[in-house]
Amino acid sequence: MSRTAYRTCPLCEALCGLELTVEGHRVTRVRGDAKDPFSKGFICPKGATLGVLDGDPDRLQEPLVRSGDEHAKADWEHSFAVVQRRLREIITAHGANAVAIYLGNPSAHTIAGPLYGAAVVKAIGTRNLYTASTSDQMPKHVSSGRMFGDPMAVPVPDLDRTDHLLMLGANPLESNGSLCSAPDFPGRLKAIRRRGGTITVVDPRRTRTAALADRHVFIRPGADAYLLLALVHTLFAEDLVRLRHLAPAGPAASAGPSAPSPAVNGLDDLRALAVGFSPETVAETTGIQAAEIRRMARELAAADRAAVYGRLGTCTQEFGTLASWLVDVLNVLTGNLDREGGAMFPRAAHVPVYRKKRPFTSGRWQSRVRGLPEMNGELPAATLADEILTPGVGQVRALITIGGNPVLSTANGARLDEALAGLDFMVSVDPYLNETTRHADVILPPPRPAQTGHFDLALTGFAVRNYVRYSPPAIPPPDGRPTESDILARLATIASGQDADPALLDEFIIGSTLAKATAAEGSPVQGRDPAELRDLLRGDSGAERRLDMMLRLGPYGDGFGAEPDGLTLTGLRDDHPHGLDLGALTPRLGEVLCTASGRVELCPPPFAADVERLRAGLRTGPATEAEPYVLIGRRHLRSNNSWLHNVPELVGGSNRCTLQLNHDDAARLGVGAGDLVRVISRTGAVEAVAEPTESLMAGVVSLPHGWGHDRPGTRMRTADGHAGQNVNAITDEREIDPLSGNSVFNGVPVRLEPLGHQIPV
């Protein structure tokens with residue numbers, strides 16, 4: 001007999017609700033949840049295949065332990081015993097920093113990753129933490145940290161109310177949005193145009209998103225910061241700066257040369273910084289005519305409600321932090337920060353607003369080999385291989401990976417692949433034997449998605465509406481099968497040297513959190529007894545009880561009875577199985593700001609100093625005579641990094657792992673559709689099938705991200721049959737944005753060699 005279950009899709013950032021048909025222990029059909037107040041039935045091809053992914057026969061159901069060159073099944077207790085023995089040996093002999101941790105992108109789409117990942121790091125005591133953030137979004141966190149004091153306070157475009165959207169380096173029709181959670185992003189963009197608004201997309205490639213927009217502006221890869229600073233220059237030069245509610249004299253106030261503002265610092269410094277970046281000065285570097293740049297600035301200033309949004313393409317370049325910063329500078333200068341229809345700060349249901357935050361800092365420690373500074377508590381993933389391969393005191397000898405596939409997703413993945421092979425010990429929490437986990441000595445697989453409860457701890461903080469939803473497991477896991485939360489909690493207790501009952505970890509965290517909450521000024525439970533509050537918590541697991549506590553202490557919570565109609569986990573699960581709409585975004589800059597000055601810092605000194613590096617790069621660009629082309633990545637709606645290439649329904653049809661290049665460049669090289677082309681960079685070479693197109697600027701080539709499933713020792717049969725080329729064999733781990741440590745994946749200089757072999761496309 002079939003039954004229906006509801007859950008949030010865990011496969012991207014869009015937060016779409018799903019309706020699952022379950023027969024026995026199998027998901028037999030997946031549809032969009034029409035009653036979800038946020039996604040309203042929208043579903044993409046990835047979400048539609050969740051049942052196939054859930055039932056993938058290649059998913060690991062039991063731990064694997066290496067024996068020689070092979071992996072063999074093992075029981076859970078033996079596997080944890082191996083981990084405990086080997087980790088303690090390495091920490092005792094070489095210290096905590098000899099163990100590194102890598103948190104992959106999938107861990108952000110689970111309950112377990114955000115709740116327990118930090119506990120594993122803290123238990124080990126290592127400074128060698130690496131995550132997918134420095135391959136993806138760290139510039140945005142550093143920018144927000146310097147401007148607003150909180151690296152997680154990332155403004156998102158208020159898509160449902162804006163009149164003018166300027167997007168750079170974003171292709172949400174393929175990615176479903178990023179650091180901007182918005183189910184049915186295409187529908188929301190179309191709605192902007194239907195209500196008379198305009199959309200401008202700036203991108204080196206005419207993407208599906210660019211084709212939907214009112215205007216697409218080609219830009220040379222890596223030049224976004226030049227364009228954005230020229231827009232800032234134009235706003236100042238033409239007296240178009242309007243701080244509105246951020247100005248001292250009211251909503252229509254103009255910012256004069258020395259107009260002080262209680263909400264903004266650094267206006268005059270920013271004005272001076274932009275002087276040398278006129279549209280005429282940056283036109284050659286960006287490939288955009290000065291008149292077009294001025295037009296963009298004037299339209300942005302003239303719109304009643306406007307938002308600037310930059311994403312992956314603006315982060316993964318050599319000036320990623322400057323570009324991320326200037327996106328929000330423009331939102332401030334046009335008076336659209338923290339304003340309806342502009343760029344706003346979501347209010348997540350599980351994050352208390354009474355908690356005092358310390359202003360953002362960075363550089364508290366450096367990497368051993370390259371001396372790269374810590375950012376947001378982690379080191380750049382681009383230097384993980386250095387730390388493993390370079391002998392000496394502090395050398396990384398053991399690695400824990402939690403989700404992710406850094407062999408395919410980090411710059412110069414081949415070098416990391418080599419490094420992982422030489423580790424003394426490696427343990428992976430992952431459902432697959434893939435290109436990374438094939439190096440692991442122990443693999444601890446989490447249960448299937450349908451067997452796992454879901455709550456978006458990370459993504460609701462970036463949603464374009466305030467929204468909350470909890471999805472209990474649709475299918476109970478087998479008896480004795482630990483949840484991913486159980487696995488990570490056990491790793492944390494092992495790392496601490498105790499190997500105690502993991503439930504004690506949850507009790508410790510609950511107790512310390514409630515003690516702080518009852519002592520905090522402005523808390524809804526100030527002055528109450530923590531033990532009394534603990535007895536009120538409900539949930540079938542430690543993770544659920546922690547969620548219940550977070551919701552009760554959050555801005556919409558019941559305050560442990562103080563607000564009878566407020567949120568609790570039980571109420572959310574039982575009364576709102578399709579999720580709960582908590583309303584449109586509202587202005588809350590005062591809640592968010594935690595800079596030392598208490599103001600928005602428009603011109604942080606580290607950013608101002610890096611503008612000199614930007615100035616030095618005028619008119620040069622990344623291409624050289626020896627490497628005359630520049631490489632950019634490419635997203636696809638039926639893919640998400642390397643996650644989903646083992647799902648037959650998502651990799652069928654024509655080859656998507658092609659080298660796109662401009663028609664004129666192809667003609668000049670003598671390359672036709674289906675020909676093989678060798679793409680060469682400093683780090684290596686790949687051979688890919690050519691796909692000439694008019695969608696790319698001349699001098700730009702594009703390969704998609706996440707492919708390269710051609711290594712021995714993996715167990716992913718569908719992915720093996722659709723291997724593709726790993727673009728990160730030719731990206732360079734030496735090239736990072738120095739302000740954030742983020743790898744440079746866009747604007748990589750390469751040269752092309754036609755091979756002339758005809759391949760069916």
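Author: Quick definition before we start: helices and strands here are DSSP runs, numbered from the N terminus. Also, keep in mind that this is a predicted model.

Reader: Where does Asp338 lie?

Author: Asp338 has a positive phi of about 60 degrees, and it isn't a glycine. Most residues other than glycine have a negative phi. As for its place in the chain, Asp338 sits in the loop between helix H14 (320-333) and strand E14 (343-344).

Reader: Is Asp338 buried or exposed?

Author: The cut-off for buried is under 20% relative accessible area. Asp338 has a relative accessible area of 7%, so it counts as buried.

Reader: And Asn641, which loop is that in, and is it buried or exposed?

Author: Asn641 is another residue other than glycine with a positive phi, near 55 degrees. You'll find Asn641 in the loop between strand E25 (629-632) and helix H25 (648-651). Its relative accessible area is 14%, so Asn641 is buried.

Reader: Let's do cysteines. How many disulfides are there?

Author: A disulfide needs a pair of cysteine sulfur atoms within 2.5 Å. Take Cys9: its closest cysteine sulfur, in Cys12, is 5.9 Å away, so that's too far for a bond. For Cys657, the closest cysteine sulfur belongs to Cys44, and at 20 Å that's too far as well. The count by this rule is 0 disulfides.

Reader: What is the relative accessibility of Cys657?

Author: Cys9 counts as buried, because its relative accessibility is 9%. Cys657 counts as buried too, and its relative accessibility is 4%.

Definitions and conventions:
Residues are numbered from 1 along each chain as its sequence is written. This is a predicted model: local features need pLDDT of at least 70, side-chain atom pairs count only at pLDDT 80 or more; totals for chains, interfaces and linings use all residues. Side-chain values use heavy atoms; hydrogens and water are left out. Buried means under 20% relative accessible area, exposed over 50%, partly exposed in between (1.4 Å probe, protein chains only). Helices (H or I, at least four residues) and strands (E, at least two) are DSSP runs, numbered from the N terminus.
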